[in-house]
Amino acid sequence: MIYSRIAGTGGYLPEKVLSNNNLEQMVDTSDQWILERTGISRRHIMEDHETTSTMAEAAARQALDAAGLTTKDIDMIIVGTATPDRTFPSTACILQHRLEAYGCPAFDVGAACAGFIYGLSIADQFIRNGVAKRALVVGAESLSRIVDWTDRSTCVLFGDGAGAVILEASGQPGICSTHIHANGFYNDLLYAANHIGELKEPAYIKMQGNGVFKIAVKTLDDIVDETLAYNNIDKSEIDWLIPHQANLRIITATAKKLDLPMERVILTVQDHGNTSSASIPLALNHGVRTGKIKRGETLLLEAFGAGLTWGSALVKY
Ligand code: COA
């Protein structure tokens, strides 16, 4: 039986930090409102010379180093992103060029905030069936470029960054299971238009926050149940929850569902904001590098985003 295991993690956050107090100078908001409603205090914002692929490269190189591998060892590159460098080619191909890891398949996954979980699930299938041995899975986002900085209901929420993992074939799990879903009925609740679509509007993030919030809490509840039932394990066996970092209130609801104290939840939302597909690999990397997450522990990763899309992974780290 072949499984995939996480051989290394990496992350990249731009140096520039935008605090809630900075935002108070830009739109009619307050540090208190943002903190109470979202849990966010600050977020990282990329420089003009940075792109999704430059951030992805930094995260990927760190993950490769952690795995003790070089770019030549990768045989699949998947990038989850909603903010590609270009419409085409894929950011994964541009990343492949940056890494000089030519020849292997490279493609993007468009599943918004669930993009990393979707990518992880795809890579896991390829490794399990023996087609790939070492896959680079990245979540990377330049959300500051599609945020309307005059819209207080969205501009306080998002940040930039990239996270990466190397998945490697192994005789032991590894990734125990992944679960991915979508419901396009709700595609209008959260979207960014583009210049070729039917919507004659600027390409900014638009969100019906409250509607998304309610569906997110219920849906994440369900995916936790699905993941535990599939693996036939009790919630008490989860060592760490590594949630998509969109809103502290949503994360707290999932932790409560699992009866997990907040000390067993990897939290980065306060410092990163919502970095969409980058948020889970960044949180995972944070947990690993701060020494919280240890080899052999059981991790539950879960995400929810535009599409609507959602997914989870149960991982023996
Ligand atoms: N500062 C101050 N007031 C703000 C504000 C801001 N940045 N943004 C919105 N408000 C105001 C609204 O105008 C509204 O005022 P009104 O009552 O006078 O109309 C009030 O605050 C409440 O707005 P509402 O949108 O109902 O707040 P909320 O409690 O739902 O919180 C979100 C808003 C966006 C934080 C929350 O809905 C959310 O997190 N949604 C889900 C996000 C998510 O998970 N996305 C999917 C994954 S990417």
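Me: Which domains give at least three residues each to the lining of the largest pocket?
Reply: Domain 1 (3–171) and domain 2 (176–316) each do; those bounds come from an automatic or database domain assignment. A pocket here is an open set of 1 Å grid points where a 1.4 Å probe fits, with protein on both sides within 12 Å along at least five of seven lines, and lining residues have an atom within 4 Å of a point.

Me: Is this an experimental model or a predicted one?
Reply: Predicted: local features need pLDDT of at least 70, side-chain atom pairs need 80 or more, and totals for linings use all residues. Numbering starts from 1 along each chain, and side-chain values use heavy atoms, without hydrogens or water.

Me: What volume does the largest pocket have?
Reply: About 830 Å³, counted as the space filled by probe spheres set on the points. It is lined by 31 residues, and A82, T83, P84, I146 and A192 are the closest to its centre.

Me: Which strand gives the largest share of that lining?
Reply: Strand β9 (residues 190–192), with 3 residues; strands are DSSP E runs of at least two residues, helices H or I runs of at least four.

Me: OK, what about the second largest pocket's volume?
Reply: That one is about 590 Å³. Its lining has 25 residues, with L157, M207, G209, F213 and N247 closest to the centre.

Me: Which element gives the most there?
Reply: α7, with 6 residues. Other elements giving two or more include α2 (31–38) and β12 (298–305).

Me: And which domains does it draw on?
Reply: Domain 1 (3–171) and domain 2 (176–316), with at least three residues from each.
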